[in-house]
Amino acid sequence: MNNVINILLWIAYVASLYFSVFMLLVYLDKKKSFKDEASNINIAKYPIVTVIVPAYNEEKTVIKTLESVYNLDYPKDKLEVLIVNDGSKDNTEKIVTEYIQNKPNFKLLSHSNQGKAASMNRALKKAQGEFFACLDADSFVDPLTLKKMLHIYEHDQDQNLVIVTPAMKVYQPKNLLQKVQWLEYNVLILIARLSSHLDCLYVAPGPFSLYRTEVIRKLGGFDEHNITEDQEIAYRVQQHQYRIKQCPDGYVYTTAPKEIKPFYRQRRRWYLGSIICVHQYKKLIANKKYGDFGIMQMVKNLLGFTLSVTGITIAAYLVLIPLFRYLKNMILIRFNIWPYLYNFKLKITFMNFLLTDFRK
Amino acid sequence: MVSKMRQAAESEEKGNFRKISRDKYIIAGIVTFLIFSLGITLGVILEDYRYTAIEEINLEQEVKYLSLQSQYLYLSSFSNYDNCPILSTALKETMEDLSDSLSEVITSEEEKKVSDTRKRIIMRRYLLDNLRYWLLARESKEKCNLDTVNILYFYSVECPSCPNQGTVLTYFKKLFEEKLLVFPINLDFRNEEPLVEITMSQFNITKYPTLVIDNKKYEGVVRKEQLQQIICNSLRQSEYCNSLPSES
């Protein structure tokens, strides 16, 4: 058992160091093009863009989300907003109906609860835009983001570029958990930026990824059976040799879970979804036809998820076993710890340091 | 069929933006290898340094033991003096040193089998030291009538209940401090060290853990209450024994 754990740990060390070094090399290589990549909001044409807002029991935040869409720096007649009420049990429908009363480009679709992917597919059928974006009803988009994203499409001039992903940030982090996530999201923006240069993006975040409508329709829309449809669509796009790029300063603010329980549920869904997606697209793993995405990203994801699962098991093992031993020792001495406290000498010498076995 | 082929050709053509950054993979591999070899080299150097330090401690203890033995010999050859107070203080001092530095060795050793040759030699030396000290402690207890309890603790790394006994012993060592002298003997060394075999046959040790407290043998794990009673019965006075009802 110990040997197995040691071997797994070493694989984890080697793999994480290797991928970090690789990413660092990519960064050093692309450093120059990073500087040239300044944000630009000047676009020649204004294509019609559809923003889909799927909402399920979001009465608290949906208006703020719609407000952020309303405030987008974009001609109103070119912007179509489809709000899909996914059978909410609260006042979402009423609030939204009130809000959109004198806004002709806002439309509300309602149906019984079918899930986020189904809601988006329904809206996708009606969407008139050349591009469409999804915006979760707990997220808020920066006014300039849409123009920045469209600039990337225009600048690239590539019909195969079908998704532009945003730079996701945490909306007003208050407690520690949210602040930690804020930091994580910021690091992920940088990693996504590097991956974007390698054509290795494997997730199109729910809040405000901008898709090319025609291609997503051709690929069959979102997978209604997948728990992380935003990852699945990205993998599918990669599989069909389309491109995904990131807009490094196209900011979208999303509400991060404040408490442990919803946080755990969100992560569980993400990671479980990742494993399912990697399994579903296992043909891409180490497939040379997919360049760096197949050779590096898919292998990394596969390793990452396997290692994180084993990592959690090992962590539990490493915490539980000493805890158990500690408890057993306490029982043996009948919880009488005062001789230990009495004799407690805080003597840390160089010898102590040398006697510590770091491999344990 | 044709459409499928066309589709394949199309996707092939579409995939031409894909690149493989081969040089980066190779460089990353080399850098990773370098970092790891550097780390491993550093680890080996540190390990080496560690053993040197442990050997130094062992040497120091050997000199201390020699000094103690000489003191003992010297004093006992002039038996008309009351030399016991001097001897007992000297013994106490040395014992404290020994238990301090070496209790760490036991705890780390209890957890895994020793395979490294160098470590085995060090452990064997530690074992011999323990036996010698035990002999000395026993003798000085008899001659000088010291108020101490000597415990020989036979254990093996493989035995599952030995750590429990170790915990209880450590607890009493902390409680009674210099009045209790514990000498752990690792029976895994009996093939290498004949002295272990001799001690084992003398006390007729057949199972682990076994405690020998002042020449009496206790097999199996001795629980906290029981051990406290045994210790208190052989100690003449101690503040921790007063609360016991069956004190004799």
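Trainee: Is T50(A) buried or exposed, and why does it count that way?

Mentor: This is a predicted model, so the answer is computed from its atoms. Buried means under 20% relative accessible area. T50(A) has 0% relative accessibility, and therefore counts as buried.

Trainee: Where is T50(A) found, and which residues does T50(A) touch?

Mentor: T50(A) is found in strand β1 of chain A. Setting aside residues up to four places away in sequence, T50(A) touches E80(A), L82(A), A127(A), Q128(A), G129(A), F131(A), F132(A) and A133(A).

Trainee: How many residues of strand β1 of chain A are buried?

Mentor: Seven of the seven residues in β1(A), which covers residues 49-55, are buried.

Trainee: Which residues of β1(A) are on one side and which on the other?

Mentor: In a regular strand the side chains alternate between the two faces of the sheet. In β1(A), V49(A), V51(A), V53(A) and A55(A) are on one side. T50(A), I52(A) and P54(A) are on the other, and both faces are covered.

Trainee: Which strand do seven bridges join to β1(A)?

Mentor: Seven bridges join β1(A) to strand β2 of chain A, residues 79-86, and the two run parallel. Within this pairing, P54(A) stands opposite V84(A). Strand β4 of chain A, residues 131-134, is joined to β1(A) by four bridges, also in a parallel arrangement. There, V49(A) has F131(A) as its bridge partner.

Trainee: What do β1(A), helix α2 and β2(A) make?

Mentor: Read them in order: strand, helix, strand. With helix α2 of chain A, residues 62-70, the strands β1(A) and β2(A) make a right-handed β-α-β unit.

Trainee: Where does T61(A) lie, and what does its side chain reach?

Mentor: T61(A) lies in the loop between β1 and α2 of chain A. Its side chain reaches the backbone oxygen of A137(A) at 2.8 Å. Apart from neighbours within four places in sequence, T61(A) is in contact with A137(A), D138(A) and F140(A).

Trainee: Which residues is S119(A) in contact with?

Mentor: Beyond its neighbours within four places in sequence, S119(A) is in contact with P54(A), V84(A), D86(A) and H111(A).

Conventions. Residues are numbered from 1 along each chain as its sequence is written. Chains are lettered from A and ligands numbered from 1 in the order in which they are written. This is a predicted model: local features need pLDDT of at least 70, side-chain atom pairs count only at pLDDT 80 or more; totals for chains, interfaces and linings use all residues. Side-chain values use heavy atoms; hydrogens and water are left out. Buried means under 20% relative accessible area, exposed over 50%, partly exposed in between (1.4 Å probe, protein chains only). Two strands pair if DSSP finds at least two bridges between them. A crossover is right-handed if, with the strands pointing away from the viewer, the path from the first strand over the helix to the second runs clockwise. Contact means heavy atoms within 4.5 Å. A polar contact is a pair of N or O atoms within 3.5 Å; within protein, one must be able to donate a hydrogen and the other to accept it, and residues adjacent in sequence count only if both atoms are side-chain atoms.
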